[in-house]
Amino acid sequence: METCADKIIHSVFIEDKKAITVTAVKEVTAFTEKEIRLKLLSGSVLTVTGQNLKITGFAETLGKFTAIGNIDGVKYRGGENIIKRMFK
């Protein structure tokens, strides 16, 4: 997990729309085979949508989350506006 000036930095890596890895995850708040909701250490909620989603790993102490399936989208809610941060 990386920090930058007291801000926690997370990463999202999607491989061929079939696998996802997210870092700086605090907890998995909900999951079905169509949607997985993750609370990030920054306070934001990251929602992964798709079909046949399956959690393959979550190391709470490391904040690393992995899942497989047919990934259709990723959406942020709450916390700091990620779009503003991306285009600073």
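Predicted model: local features only at pLDDT ≥ 70, side-chain atom pairs only at ≥ 80, totals over all residues.
User: How many helices and strands does the protein chain have?
Analyst: The protein chain has 1 helix and 8 strands. Both are DSSP runs numbered from the N terminus, a helix being H or I with at least four residues and a strand being E with at least two. From the N terminus on, the order is β-β-β-β-β-β-β-β-α.

User: Which strand is joined to S8 by 12 bridges?
Analyst: That is strand S7 (residues 45-59), which runs antiparallel to S8. Two strands count as paired if DSSP finds at least two bridges between them. Within S8, Lys75 stands opposite Thr47. The hairpin of S7 and S8 has 4 residues between the strands, and Gly63 there takes a positive phi near 75 degrees.

User: What about S4 and S8?
Analyst: Strand S4 (residues 19-22) pairs with strand S8 (residues 64-77) in the antiparallel sense, over 4 bridges. Ile20 has Ala67 in S8 as its bridge partner.

User: And how many residues lie between S5 and S6?
Analyst: Those strands form a hairpin with 3 residues between them. Strand S5 (residues 25-31) and strand S6 (residues 35-40) are antiparallel and share 5 bridges. Ala30 has Arg37 in S6 as its bridge partner.

User: Moving inside, which residues make up the largest nonpolar core?
Analyst: This core has 12 residues, among them Ile20, Val22, Ile36, Leu46, Phe65 and Ala67. S4, S6, S7 and S8 are the elements that give two or more residues to this core. A nonpolar core is a set of buried Ala, Val, Leu, Ile, Met, Phe, Trp, Tyr and Cys residues joined through side-chain atoms within 4.5 Å.

User: Why is Ile36 called buried?
Analyst: Ile36 is called buried because its relative accessible area is 1%. Buried means under 20% relative accessible area, exposed means over 50%, and partly exposed lies in between (1.4 Å probe, protein chains only). Ile36 lies in strand S6. Leaving aside neighbours within four places in sequence, Ile36 is in contact (heavy atoms within 4.5 Å) with residues including Val28, Leu46, Leu53 and Phe65.

User: How much of the protein chain is buried?
Analyst: Buried residues make up 26% of the 88 residues.

User: Which residues form the salt bridge?
Analyst: Arg37 and Glu35 form it, with their closest N and O atoms 3.1 Å apart. A salt bridge is a side-chain nitrogen of Lys or Arg within 4 Å of a carboxyl oxygen of Asp or Glu. A search of the whole structure finds 1 salt bridge.

User: Are those two residues buried or partly exposed?
Analyst: Arg37 counts as partly exposed at 31% relative accessibility, and Glu35 is partly exposed at 29%.

User: Finally, which residues make the nonpolar surface patch?
Analyst: Val12, Ile14 and Val74 make this patch of about 180 Å². Patches are made of residues with over 30% relative accessible area and no salt bridge, like charges being joined within 9 Å and nonpolar side chains (Val, Leu, Ile, Met, Phe, Trp, Tyr) within 5 Å. Accessible areas come from the Shrake-Rupley method with a 1.4 Å probe, and for residues only the protein chains shown count as cover. Val12 is partly exposed, with a relative accessible area of 32%.

How values were computed:
Residues numbered from 1 in each chain as written. Heavy atoms only, no water.
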